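Hi,

Here is the structure I promised to pass on. Have a look at it first, and then read my notes below.

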Amino acid sequence: MKSCKIKISGRVQGVGFRPFVYRLAKSLDLTGWVLNSTGSVEILIQGSEANIRNFIDALSHDPPPLSHIENIFEEIVEESTYTDFSIIKSREDKGFNFISPDIAICDDCLRELRDPHDRRFGYPFINCTNCGPRYTIIEDLPYDREKTTMKVFKMCEACNEEYHNPISRRFHAQPDACSVCGPHLWIDSLNIPESNLFKEIGKLLYEGQILAIKGIGGFHIACDATNESAVERLRNNKKRRSKPFALMMKDLDMIRRYCYVNNTEEKILRGKERPIVLLRIKDYLDLSPSIAPGNLYLGVMLPYAPYHYLIFDDFDRPIVMTSGNLSEEPIIKDNVEAKDKLKNIVDNFVLHNRNIRNRIDDSVVFVEDNDLTFVRRARGYAPDPLKVSIEVDPVLALGPELKNTFAIGSGNYVFMSPHIGDLKDLETLDVFEETIEDFIHLFRINPEILVHDLHPQYLSTEFAEKFKSFMKVVPVQHHRAHILSLLLDRDIGDPIIGFSFDGTGFGEDGNIWGGEVFVGNLRELHRAAHFKYFPMAGGDYSIENPKRIAYSYLFSNEIEDNGNYLPISPLEKDIIKSMIQNKKNIFYTSSCGRIFDMVSAILGVRSVVDYEGQAAVELEMCAMDSDTSAVYPFEIQKGSSLEIDILPMIKKILEDRQHINRSIIARQFHNTIAYIILSTAEILREKYHINKVGLSGGVFQNRLLLNILSPLLKESKFEVYTHRRIPPNDGGISLGQIALAMKGV
Ligand code: ZN
Ligand code: ZN
Ligand code: FE
């Protein structure tokens with residue numbers, strides 16, 4: 001007879017770990033106890049040595065499906081004798097926590113939801129230890145019902161029995177509930193009996209109503225995706241002219257009617273994380289043409305909350321499911337706020353009374369070459385920690401201005417926040433500050449270092465300034481942070497040639513960077529190449545007007561827009577000319593994203609945008625119609641830092657524009673960007689003897705570019721690294737910023 005103490009760290013809370021341990025101990029005739037402490041599960045077992053061994057083997061080889069074990073520590077101890085095995089009270093402890101992300105309804109619960117003989121038949125909030133909300137309902141840790149938003153629901157006798165019954169699937173399932181004791185769903189203005197609720201929701205959708213539906217991590221705005229007038233009305237109400245809407249579809253059969261789905265995509269669509277997957281459109285069929293105008297991909301997800309399934313029982317068409325927010329503000333999570341802010345956008349509200357403590361958007365991903373790439377890492381993934389190869393001091397990295405996420409780190413773990421939004425307004429800033437506080441508290445990390453973007457005018461910089469007297473505050477340049485993110489994401493210790501291509505970021509020389517190449521590693525990166533600067537007249541306003549970027553470029557290079565391709569008035573031309581001549585309100589940029597914008601405008605694809613990246617996205621779509629392999633001329637001027645000059649290409653494009661189909665030009669432009677990267681990498685390999693190439697920044701969300709570029713680099717025997725665990729866009733920046741807190745630097 002031996003006693004053994006075991007401590008297991010990792011994602012072991014909220015995933016049915018204690019019940020699993022309980023059953024395992026019972027089956028092996030072991031006595032003792034199990035408890036949750038902060039960030040770990042502690043166990044004491046007593047029994048024969050062989051059974052203790054079997055117990056530990058089963059723990060490490062066959063743990064509950066949602067758990068993730070980081071470490072098992074075991075030690076033989078002297079203990080008084082226990083006669084039974086029990087789950088005992090949680091204990092608060094030092095060390096940090098892991099919180100499970102929110103998980104889509106499991107097959108067992110789905111079966112019960114459909115079973116007329118089950119007591120949870122049709123219950124919209126059914127869940128168990130293997131599925132349901134987690135992060136979104138957690139107020140504090142250790143993870144117990146009283147520390148979740150479920151604390152207000154007192155379990156009925158039947159639920160209570162399951163909760164305490166070790167052989168039940170709901171043994172210690174904290175969000176456990178049923179229609180007698182748990183949360184409820186209703187339509188706000190209508191008095192509909194529960195038995196008719198989903199029929200009514202279906203009816204409203206069929207009638208073309210726009211509904212705000214409270215979800216797991218926040219509100220969705222929903223309407224019938226095949227009803228053109230409903231979708232148009234939603235666009236008008238939301239003042240969102242053309243940015244694509246995501247869809248929720250009933251099942252894979254429905255998705256396959258509209259989109260191509262390969263095996264990897266199918267697996268991800270059905271996965272427990274249930275992200276939105278960007279799928280190539282097969283046929284629009286009856287879908288409203290306003291869902292994703294000018295786009296060849298659709299963002300689609302499968303139902304993930306039990307009531308999503310119930311909605312589709314009475315509604316047999318794809319549903320628009322866009323985030324319930326105003327423009328780029330954070331997603332709305334509370335009933336009162338939704339009714340206030342969305343009242344002019346939607347016709348009705350589908351509400352429930354399970355409070356969302358922590359908001360989180362749907363995740364967005366795409367699959368290229370069988371690899372998953374994040375566009376947005378949120379529900380289902382966050383706040384799972386990212387393990388990194390370096391050790392960092394306790395740190396808070398404030399992230400970028402657009403698509404903000406922040407990160408906190410300690411040791412070799414980084415917790416990245418879900419998508420917050422664009423940190424341009426005070427409303428978003430409030431949520432940013434609130435979420436930072438929550439993260440610091442939940443994960444028990446007390447930052448000693450604060451990292452922020454170099455841009456002097458960002459709200460995050462202003463925020464950082466306030467802490468200067470309490471802690472070490474370090475700025476980092478945006479494009480460096482992209483490359484650092486990639487190095488941490490892919491665990492790259494060796495030096496690489498890192499391409500950091502995106503729309504915009506404040507450069508170290510005061511110019512607007514965006515087409516930068518760095519050489520080095522996590523400790524030292526130096527800028528080895530960039531696109532030649534060109535003037536951009538009028539800052540942010542010109543970013544919304546690619547035609548003005550194009551005209552600035554042409555005018556400053558003394559090229560005439562002979563064919564009058566740019567829809568730009570003589571007055572606008574004069575304004576731009578005088579700004580450039582007088583060097584007033586001029587920014588110099590090396591941005592690759594702006595080069596995409598410029599070409600998009602010259603080709604007449606998109607001259608004014610209404611969402612970020614639109615001109616480049618539509619240029620990519622236009623190029624997908626051609627398969628030419630031709631390449632435009634460009635120059636790389638050697639010096640201490642290489643300078644990439646696209647003037648020869650732009651001149652040729654203007655010429656071609658007169659007699660060649662614009663798809664061919666657009667494709668040839670993509671080829672040229674790929675060859676620019678290849679040539680730059682080859683020159684730098686020669687100079688620095690580095691064979692690893694990394695790609696980071698929003699430009700590398702361009703799937704056509706990736707498809708052209710990867711084979712070229714591989715053919716030239718480069719090892720190519722792209723992002724895997726975080727997005728290549730600015731949503732991934734905060735991870736890289738963490739590197740500034742590396743120990744021993
Ligand atoms: Zn379940
Ligand atoms: Zn109940
Ligand atoms: Fe960026």
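**What I found**

Let's begin with a proline: Pro383 sits in the loop between β15 (371-376) and β16 (386-397). Keep in mind throughout that this is a predicted model. Pro142 belongs to the loop between α3 and α4. While you're looking at the backbone, check His172 too: this residue is not a glycine, yet it has a positive phi of about 60°. You'll find His172 in the loop between α4 and β6.

**The metal sites**

Start with the zinc ion (ligand 1). Which protein atoms hold it? The donors are the SG atoms of Cys106, Cys109, Cys128 and Cys131, at 2.2 to 2.3 Å from the ion. Along the chain, these donor residues follow the pattern C-x2-C-x18-C-x2-C. Cys109 is part of helix α3 (residues 107-114), while Cys128 is in the loop between α3 and α4 (157-164), so this pair ties together parts that lie 19 residues apart in sequence. As for geometry, the site is tetrahedral because the four donor atoms subtend angles of 104 to 119° around the zinc ion (ligand 1). For reference, the ideal angle for four tetrahedral donors is 109.5 degrees.

Next comes the zinc ion (ligand 2). Its protein donors are Cys156, Cys159, Cys178 and Cys181, each through SG, and they lie 2.2 to 2.3 Å away. The spacing of the donor residues reads C-x2-C-x18-C-x2-C. Here Cys159 comes from helix α4 and Cys181 from the loop between α4 and β6 (185-187), so the pair joins parts 22 residues apart in sequence. The angles among the four donor atoms of the zinc ion (ligand 2) run from 103 to 117°, and the site is tetrahedral.

One pair to look at is His478 in helix α13 (residues 478-489) and Asp502 in strand β20 (residues 496-506), which links distant parts of the chain, 24 residues apart.

The crossing is right-handed. Leu110, Leu113 and Arg114 of α3 make the contact with Pro306, Tyr309, Leu310 and Asp313 of α9. By class, that contact has five nonpolar and two charged residues, with no polar ones.

Further along, helix α15 (residues 546-556) packs on helix α16 (residues 570-581) at about 55°, with the axes 10 Å apart. Again the angle makes the pair oblique, α15 to α16. This crossing is right-handed as well. On the α15 side, the residues are Lys547, Arg548, Tyr551, Ser552, Phe555 and Ser556. On the α16 side, they are Glu572, Lys573, Ile575, Ile576, Lys577, Met579, Ile580 and Gln581. The contact of α15 with α16 divides into six nonpolar, three polar and five charged residues.

Finally, helix α17 (residues 592-602) and helix α18 (residues 614-623) pack at an angle of about 65°, and their axes are 8 Å apart. Their crossing is left-handed. In this contact, Phe596, Asp597, Val599 and Ser600 of α17 face Ala615, Ala616 and Leu619 of α18. Sorted by class, the contact of α17 with α18 has five nonpolar residues, one polar and one charged.

Over to you now.

Best wishes

Technical notes. Residues numbered from 1 in each chain as written. Chains lettered and ligands numbered in written order. Predicted model: local features only at pLDDT ≥ 70, side-chain atom pairs only at ≥ 80, totals over all residues. Heavy atoms only, no water. Axes fitted to C-alpha atoms, helices over the stretch in contact; angles between N-to-C directions. Helix = DSSP H or I, 4+ residues; strand = E, 2+ residues; numbered from the N terminus. Parallel < 35°, antiparallel > 145°, perpendicular 65-115°, else oblique. Left-handed = near helix turned anticlockwise from the far one by under 90°. Contact = heavy atoms within 4.5 Å. Nonpolar A, V, L, I, M, F, W, Y, C, P; charged D, E, K, R; others polar. Donors = N, O, S within 2.8 Å, 3.2 Å for Na, K, Ca; no water. Tetrahedral: all angles 85-135°; square planar, octahedral: opposite > 155°, others 65-115°.
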